[in-house]
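Grab a pencil and work through these exercises with the model open. Each one gives a task, then a solution that goes step by step.

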Amino acid sequence: QGCVVVRHIFIGYDPREDVAYNVAVRSLAYYARGVCVHPVMDWEMRARKLYWRGYRVDEKGQMYDDRDGKPFSTQFAFTRFCVPMLARQMDIHDPVLFMDCDVLLRADVNELFDLWDDTYSVMCVHHDHQPEEITKMDGVAQTRYFRKNWSSVFLVHPDKVPLLTTYTVNRSSGAHLHGMLWARDEEIGVLPEEWNYLVRWSEKDKVP
């Protein structure tokens with residue numbers, strides 16, 4: 001008999017990071033029950049008419065967004081913001097989780113869902129991440145921007161983010177989307193840092 005799915009997790013998918021994606025899924029399954037995982041794939045979002053942003057790729061493999069001309073590193077850099085609309089298409093009307101594919105779970109993700117506070121529309125770790133390095137995975141550009149990494153792991157209620165529309169996702173700048181400027185400040189709740197721990201950054205001020 002199958003278990004009743006009560007929580008939905010959406011994970012960014014990029015073919016170049018297939019191994020990371022599968023590690024993330026296995027880490028979820030190792031600790032949690034009653035969850036359903038959905039890959040967030042660029043081509044599926046386009047087929048669903050939720051996403052149509054254009055981009056170009058240079059000779060080094062670096063992707064550049066057509067809207068603001070800025071570099072980005074994965075195929076889910078922008079598609080993550082389709083998750084509330086995708087959830088509604090799937091008739092999901094409870095909080096859902098998005099996470100990057102390079103996240104490794106070390107606890108039951110149901111504990112994260114239990115932190116949901118319905119006074120908010122979205123919840124995340126409020127990092128002040130200002131990386132010193134200029135490149136990251138595969139040598140692509142490492143950029144600094146407002147509220148960097150807030151959008152790498154977030155809980156969101158599909159019915160409580162009316163400003164996150166197809167127009168917003170496809171025409172707003174990356175800074176607007178990743179900065180969560182589609183929600184009022186008071187609508188963005190805080191999650192404990194251990195739920196989006198940044199290796200070599202979160203540990204800087206930790207006592208050994």
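A residue is called buried under 20% relative accessible area, exposed over 50%, and partly exposed in between (1.4 Å probe, protein chains only). Helices (H or I, at least four residues) and strands (E, at least two) are DSSP runs, numbered from the N terminus. The model is predicted, so local features need pLDDT of at least 70 and side-chain atom pairs count only at pLDDT 80 or more, while totals for chains, interfaces and linings use all residues. Residues are numbered from 1 along each chain as its sequence is written, and side-chain values use heavy atoms, with hydrogens and water left out.

**Exercise 1. Work out which residues sit on each face of strand 1, and whether they are buried or exposed.**

Step 1. Start with the general rule: in a regular strand, side chains alternate between the two faces of the sheet.

Step 2. Sort the residues. R7, I9 and I11 go on one side, and H8, F10 and G12 on the other.

Step 3. Check the cover. Both sets are buried, which makes six of six residues for this strand.

**Exercise 2. Find the order of the six-strand sheet and say which strands stand at its edges.**

Step 1. Pairing here takes at least two DSSP bridges between two strands. Tracing the pairs gives an open, mixed sheet in the order 2-1-6-8-7-9.

Step 2. Strand 2 (35-40) and strand 9 (188-190) are at the edges; each has a single partner strand, so one side of each lacks a neighbour in the sheet.

Step 3. From one strand to the next, the twist averages 25°. (Axes are lines fitted to C-alpha atoms, for helices over the stretch in contact, and angles run from 0 to 180 degrees between N-to-C directions.)

Step 4. Look at two of the pairings. Strands 1 and 2 run parallel and are joined by six bridges, with I11 opposite P39. Strand 7 (residues 122-124) and strand 8 (residues 153-156) are antiparallel, with three bridges, and C124 faces F154 across that pairing.

**Exercise 3. Describe the three-strand sheet, then follow D65 from its bridge partner to its salt bridge.**

Step 1. The sheet is open, with order 3-4-5 and antiparallel pairing. Strand 3 (55-57) and strand 5 (71-72) are the edge strands, each pairing on one side only.

Step 2. Three bridges hold the antiparallel pairing of strand 3 with strand 4 (residues 63-65). Within it, Y55 has D65 as its bridge partner.

Step 3. D65 also makes a salt bridge with R53, where the closest N and O atoms are 2.5 Å apart. The term covers a side-chain nitrogen of Lys or Arg within 4 Å of a carboxyl oxygen of Asp or Glu. R53 lies in the loop between helix 2 (42-47) and strand 3, 12 residues from D65.

Step 4. Check the cover again: R53 and D65 are both buried.

**Exercise 4. Which loops hold D91 and N149, and what is the phi of each?**

Step 1. As background, most residues other than glycine have a negative phi.

Step 2. D91, in the loop between helix 3 and strand 6, has a positive phi near 60°. D91 is exposed, at 59% relative accessibility.

Step 3. N149, in the loop between strand 7 and strand 8, has a positive phi near 75°. N149 is buried, with a relative accessible area of 15%.
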